[in-house]
Structures are given as structure tokens and as C-alpha cells.
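I would be glad if you read them with the structure open.

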Amino acid sequence: DLYPGDQCVNKIGVDGYDFWPTAVGEDAVAARERVVPGRLLFYRDLAVAHGKDLAVLEWGVTDKESGGRDNPGYITYFRKFFAAEAEAGRTVYESYFDDRGDMKSSLRDGTHPRAAAEYQHQYRESVAA
């Protein structure tokens with residue numbers, strides 16, 4: 001209802017963090033992203049419907065109580081999502097939010113060691129391909 005019109009919009013932007021409702025593992029994350037209103041797929045579908053690029057301005061795991069905590073499945077889900085969108089010919093701008101503050105989504109400070117390892121694996125594989 002708040003969409004101002006295609007003439008005013010260049011890209012559709014959203015952020016995505018691994019909390020509410022809790023979903024641990026890639027399959028659980030995928031199910032949550034499909035069914036919970038206002039999640040990633042909602043904004044992807046909005047961008048497609050309006051012929052706009054999608055910008056995932058911030059995304060990351062989090063240690064919030066309702067989150068997946070050290071959840072490598074969240075990293076895998078997002079990486080596969082970005083790859084599928086690229087394969088479909090859609091542009092997605094994305095930036096992992098490596099925060100050590102309130103969100104505690106850092107992959108560099110030891111808070112999420114399994115997610116950090118998965119991020120390195122996913123992105124090294126995509127660079128090698």
C-alpha cells in the first residue's frame with residue numbers, strides 16, 4: 001500500500017536477519033522465508049512484479065534469543081538464493097552485515113564459528129566456479 005510507484009523506485013531494498021521465528025538449518029530457513037509475511041521472498045516477488053532489482057542491504061546471522069544463533073543453514077540459504085536469482089537473470093545487490101554491536105552478526109569474532117566457516121565455503125566455491 002505504501003509503494004510510491006515505479007517512476008519513483010529504482011530498486012527494492014530489504015534487510016534480512018536470522019531471527020523470528022527461530023529456524024535452524026537450511027530447510028527450516030527456506031520454509032520460514034516462504035511462509036512468514038514480509039520476509040525475503042515477499043520483497044523478491046515485489047521487485048519482480050515491478051521490474052526492479054532487489055537490494056538486500058543487510059543480512060546476517062544473529063545471537064538474538066529468537067534467532068538461529070550459529071546457523072550455517074542461514075548462510076547456505078541466502079547464498080543459494082543469490083545464485084538462483086543471478087541464474088534467473090535478476091540482479092541482487094547484497095551485503096553481509098558483519099556487526100559486533102547489538103546484532104552480534106559478526107563472522108570474524110568467533111561468535112558464529114560454523115556460520116563463518118559456511119560463509120567462507122560458499123563464497124570460495126562461487127569464486128572458483
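**Notes on packing and burial**

1. Helices here are DSSP runs of H or I with at least four residues, and strands are runs of E with at least two, numbered from the N terminus. This is a predicted model, in which local features need pLDDT of at least 70 and side-chain atom pairs count only at pLDDT 80 or more, while totals for chains, interfaces and linings use all residues. Residues are numbered from 1 along each chain as its sequence is written, and side-chain values use heavy atoms, with hydrogens and water left out.

2. Val-29, Ala-30, Arg-32 and Glu-33 are the buried residues of H1. Seen down the helix axis, they fall within an arc of 165° (taken from the directions from the axis to the C-beta atoms), so they line one face of H1. Asp-27, Arg-34 and Val-35, on the other side of H1, are exposed.

3. Arg-32, which belongs to helix H1 (residues 26–35), deserves a separate look, because at 4% relative accessibility this residue counts as buried. Its side chain makes a polar contact of 3.0 Å with the side chain of Asp-18; such a contact is a pair of N or O atoms within 3.5 Å, where within protein one must be able to donate a hydrogen and the other to accept it, and residues adjacent in sequence count only if both atoms are side-chain atoms. Leaving aside neighbours within four places in sequence, the residues in contact with Arg-32 (heavy atoms within 4.5 Å) include Trp-20, Arg-39 and Tyr-74.

4. Val-36 sits in the loop between H1 and helix H2 (40–49) and is buried, with a relative accessible area of 11%. Apart from neighbours within four places in sequence, Val-36 is in contact with Trp-20 and Pro-21. Val-36 and Trp-20 are 16 residues apart in sequence, with 9.3 Å from C-alpha to C-alpha.

5. H2 and H3 pack at an angle of about 10°, with their axes 13 Å apart, where the axes are lines fitted to C-alpha atoms over the stretch in contact and angles run from 0 to 180 degrees between N-to-C directions. That makes H2 roughly parallel to H3, a label for angles under 35 degrees. The contact is made by Leu-40, Leu-41 and Arg-44 of H2 and by Tyr-77, Phe-78, Phe-81 and Glu-85 of H3.

6. Within that contact, Arg-44 is buried, with a relative accessible area of 18%, and a polar contact of 2.9 Å joins its side chain to that of Glu-85.

7. Not counting residues up to four places away in sequence, Phe-82 touches Val-56, Trp-59, Val-92, Glu-94 and Tyr-123.

8. Ala-55, in strand E2 (residues 53–60), counts as buried at 6% relative accessibility. Ala-55 and Ile-12 are 43 residues apart in sequence and 5.9 Å apart in space, C-alpha to C-alpha.

Technical notes: Buried < 20%, exposed > 50% of the residue type's maximum accessible area, 1.4 Å probe, protein only. Parallel < 35°, antiparallel > 145°, perpendicular 65-115°, else oblique.
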